[in-house]
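Have a look at the sequence and the fold, then read on.

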Amino acid sequence: MASFVSTSSTAALALIRSAPSAPIMGPWAAQVRRSLLAPPLRAAAPANGSTVKMMESKFKKKSKKGAGGGGLPAAIDLEIREAEEYLATDVQEPTPDDFPFEIVDEEGMSVVVLKKDYKDEKIEVIVSMPNMDAEPEFDEDDEDDDEDAAKDDDDEDEGSEDSSLSMKVVVSKGTGPKLEFTCTAFREEITIDEMLISEKAESDEEKFPFEGPEFTELPPNVQKGLFKFLELRGVTLKTTNFMHDYMVTKQTKEYVRWMTKLKDLVRQ
């Protein structure tokens with residue numbers, strides 16, 4: 001069962017109890033800290049104040065002393081090797097038998113699409129790569145490597161709790177309007193950031209339809225009903241926590257593919 005909260009602290013609603021899950025592991029884990037005083041249900045950060053930042057490989061810090069002599073090719077080879085070593089030891093959980101969606105994962109893409117039918121509806125969930133709200137930390141001095149590596153180990157579990165997935169949930173019926181939700185899935189809660197009704201334009205003429213109120217401005221009972229609406233269609237913590245781990249592994253695989261392409265392009 002999942003916990004849903006709206007993006008307004010006054011409208012926070014806990015519908016489903018959170019369940020513990022395995023922490024995210026991997027070379028791209030950010031050094032992030034979460035306030036120990038933060039309430040279990042909280043509003044998502046405003047969209048205009050949030051920043052998704054790329055994290056440096058933890059393994060890079062530990063191996064940097066031996067990576068500076070070969071120039072760019074050696075640096076790329078090191079990244080590929082360390083990522084592949086991580087993938088070799090990464091235990092990817094199999095998709096649960098009761099997983100409510102079909103997973104559409106295309107190589108080279110930054111998103112995974114989840115699909116299912118529910119009664120006369122088609123449900124599509126577009127899941128983005130994990131987000132880490134943390135600044136990358138680049139070593140200024142090689143002699144600090146051991147200290148940084150120890151700090152990484154201490155912060156690893158905290159970082160996994162701060163990761164989140166951005167999701168777009170689209171519910172459609174035939175050729176009619178679509179109901180679209182923009183959500184953020186944390187390890188212990190799911191927030192609804194935006195909601196809109198999307199209608200197909202009948203012509204190329206630019207129009208400005210009424211988009212309805214902000215989600216947080218809806219009556220509490222309507223918000224609660226929409227939380228339940230998503231839960232019945234499979235958007236639960238059980239689903240999103242599995243996708244957290246799935247997307248961390250995908251992110252590493254895509255990193256290897258990208259680095260391999262870069263290696264081919266810069267090869268002299």
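What follows goes from the overall layout to a few strands, helices and cores.

## Before you start

This is a predicted model, so to speak: local features need pLDDT of at least 70, side-chain atom pairs count only at pLDDT 80 or more, and totals for chains, interfaces and linings use all residues. Residues are numbered from 1 along each chain as its sequence is written, and side-chain values use heavy atoms, with hydrogens and water left out.

## The big picture

The protein's secondary structure comes to five helices and seven strands. Here helices (H or I, at least four residues) and strands (E, at least two) are DSSP runs, numbered from the N terminus.

Of the 268 residues, 40% count as buried; buried means under 20% relative accessible area, exposed over 50%, and partly exposed in between, with a 1.4 Å probe and protein chains only. Contacts (heavy atoms within 4.5 Å) tell you about the chain too: among those with a separation of 6 or more, 70% come from residues 24 or more positions apart.

Strand β4 covers residues 121-128, and its side chains alternate.

Which strands pair with β4 (pairing takes at least two bridges found by DSSP)? One is β3 (residues 111-118), joined to β4 by eight bridges and running antiparallel to it. Tyr118 stands opposite Glu121 in β4. The two strands form a hairpin with two residues between them, and Lys119 in the turn has a positive phi of about 55 degrees. Another partner is β5 (residues 165-172), also antiparallel, with six bridges to β4; there Lys122 stands opposite Ser172.

## Helix α4

How far apart are the end C-alpha atoms of α4? They are 19 Å apart, which agrees with the 18 Å that the 13 residues of this helix (residues 220-232) should span at 1.5 Å a residue; the expected span is 1.5 Å times one less than the number of residues. Gln223, Leu226, Phe227, Leu230 and Glu231 are buried in α4. They cover an arc of only 145 degrees around the axis, which puts them on the same side of α4; the arc is that of the directions from the helix axis to the C-beta atoms. After α4 comes Gly234, whose phi is positive, near 100 degrees.

## Cores and Thr252

A nonpolar core is a set of buried Ala, Val, Leu, Ile, Met, Phe, Trp, Tyr and Cys residues joined through side-chain atoms within 4.5 Å. The largest has 30 residues, and Val125, Val169 and Met243 have the most contacts inside it. Its largest share, five residues, comes from α5. Apart from it lies another core of six residues, including Ile80, Ala83, Tyr255 and Val256.

Thr252 sits in helix α5 (residues 237-266). Is Thr252 buried or exposed? Thr252 is buried, with a relative accessible area of 0%. Its C-alpha atom is separated by 8.3 Å from that of Glu84, 168 residues apart along the chain.

Terms used: Two strands pair if DSSP finds at least two bridges between them.
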